[in-house]
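Morning, everyone. I'll keep this short: the ligand, then the domains, then a single side chain.

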Amino acid sequence: MPLVNVIRGDRIDPALINVRTPFIRIPLWLALSWWTIKALARLVVVLVRFWYVTAPAALFGWLYLRYGWVGPVGVVASAAAVAAGWGFGHRPSFLRFGGWPILSRFRRWRYRRNWHAAMVTARLAVSFDHHTVLPVLRKVRCAAGVDVVTVRMVTGQIPDDFAKVAERLAHTFGVRQVKAVPGARPDVVLLHLFRGDPLAKTVRPLPVPAVPEFTALPVGRCEDGDGYDLRLFGTQVLVVGATGSGKGSVIWSVVRSLAAGVTSGLVQLWGLDPKGGMELGMGAPMFARFARKDYTAMCELVEEAATVAKDRAAKLYGRTRQHTPTPDEPLIVVVIDELANLTAYLTDRQLKDRIKAALSILLSQGRAVGVHVLAAIQDPRKEVLPFRDLFPTRIGLRLAEAAQVDLVLGEGMRDRGALCDRIPQNLPGVGFVVIDGDPTPMRVRFSYLTDDEIRDMAHTYGRLRVIDGEILDGAA
Ligand SMILES: Nc1ncnc2c1ncn2[C@@H]1O[C@H](COP(=O)(O)OP(=O)(O)OP(=O)(O)O)[C@@H](O)[C@H]1O
Ligand SMILES: [Mg+2]
């Protein structure tokens, strides 16, 4: 006999197990109340989730019902008055607790709207196993001129993936520049989106520190509006830039930050200006030793500095790793305005080789023993390459071509945001500072000293001694 199952009037083919939910009759009122409760619960969730819209709306509604138009208008007017008073009275706290958080929320909403399209067009969306996975936009923090967007990367992505498409992202989000910085956690990247340019204005000469702090010399301004402090201890500084890019202003900013040390004797500046003293000549009294015409004198100066470095290194051997400057053993900074003149264009081969040899010693041994080099160069081709890696601090001002950036600053630096070739001609003194071991270039504008300000500084702080081997001031 064939087996036939009949369930609720339907004939069902026989099977091992047949399951049907039980059929329960409930009264209409019960169903209606259940739906109502569900709808109300959803409404509460929405009201709470979008509290920043619903709470003010409720408040204004209540005010309107209670007091008519005067209610909401009065509240808005007094809130505006309080905000204005706070903003004018104490701007930092207003921005910290009021302005920036509100702006951040607004910007986050704006970035969210474009996020999907931006990630897909920049090829940051990852397709895997028929799914598309997007990097997650987590947080947006606003500050003057910059939005910092915290992004959780997709598994397998690295911050450099974002750095490579930084320019594309900048266009997509309508900002001046995007910089990708590794976050505190390994799966997080911080995108810095720069809007206006806080470095558009010339930076005035900064106050001279009474005692120079060799680990933090105030020389200019950063993109976030803070001062930029250059570390001199333990490093050598190379400045590269096309003609008119402001190499002089980097030199004078550093000299100015050390000026009080020159007066007290804690610092000795040795100046080499192979262009005949055009750049450094105005401030010649700042230099303990100065050479501008005679290449032999320049060579001897570099050799002498190398000897000092070697002697100090031998003396300090095994005692300390960082020399502390004193008036007897001052910090020596050899300032060279056009390095290529000494290392490349010089026709006297023997002299050139001597300079190169001494420079290599000076650069490699001097940094721990307080003998530093601050060298500027215009032509970033191979002349500097043998020396580039001996300069742990490299500053790239405006450069002619994109290819020069990595050549000067180091592999991958242009991708990481050092767009030296994009610095416009009308922003001299703007450049990117790269420090060995730090993956992110820092955009900085160096302070600008006019010729008169340089002369004034030299007059106030200088103690001229030797020029081209001639003792001038009797002070040596
Ligand atoms: N930090 C700065 N801020 C504003 N203006 C600057 C700054 N630095 C330089 N300038 C302007 O740019 C001009 C050229 O600067 P500077 O002579 O320092 O360039 P340079 O790189 O030394 O060029 P060169 O290779 O021809 O010597 C200056 O005369 C000045 O007007
Ligand atoms: Mg110059």
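Start with ligand 1. There are 18 residues around it, and the closest are Thr 243, Gly 244, Gly 246, Lys 247 and Phe 446. Keep in mind that this is a predicted model.

Now the polar atoms. Thr 243 uses its side chain: an N or O atom there sits 2.7 Å from an oxygen atom of ligand 1. Gly 244 uses its backbone, with an N or O atom 2.8 Å from an oxygen atom of the ligand. Ser 245 also comes in through the backbone, where a polar atom is 3.3 Å from an oxygen atom of ligand 1.

How much of ligand 1 does the protein bury? Taken alone, the ligand exposes 630 Å², and 74% of that is buried by the protein.

Which elements give two or more residues to the shell? Those are helix 7, residues 247–257, and strand 18, residues 442–446. Helix 7 gives the most, with three residues.

Next, the domains. The chain is divided into domain 1, 114–194, and domain 2, 217–471. Their C-alpha centres lie 36 Å apart. On the contact itself, domain 1 puts in 11 residues and domain 2 puts in 11 residues.

A word on how we put a figure on that. The size of an interface is often given as the accessible area lost when the parts come together. For domain 1 and domain 2, the buried area is about 990 Å², with 44% of it on carbon and sulfur atoms. Which residues of domain 1 lose the most area to domain 2? Glu 167, Gln 177 and Lys 179 do, and together they account for 44% of what the domain 1 side buries.

Last stop, Asp 421. You'll find Asp 421 in the loop between helix 13, residues 402–409, and strand 17, residues 430–435. Its side chain makes a polar contact with the side chain of Arg 414, at 3.0 Å. Leaving out residues up to four places away in sequence, Asp 421 touches Leu 399, Ala 400, Glu 401, Ala 402, Val 405 and Arg 414.

That's my tour. Over to you.

Note on methods:
Residues numbered from 1 in each chain as written. Chains lettered and ligands numbered in written order. Predicted model: local features only at pLDDT ≥ 70, side-chain atom pairs only at ≥ 80, totals over all residues. Heavy atoms only, no water. Near = heavy atom within 4 Å. Polar contact = N/O pair within 3.5 Å; in protein donor to acceptor, adjacent residues only side chain to side chain. Areas by Shrake-Rupley, 256 points an atom, 1.4 Å probe, with all protein chains shown as cover. Helix = DSSP H or I, 4+ residues; strand = E, 2+ residues; numbered from the N terminus. Domains from an automatic or database assignment. Contact = heavy atoms within 4.5 Å. Buried area = accessible area lost by both parts, 1.4 Å probe.
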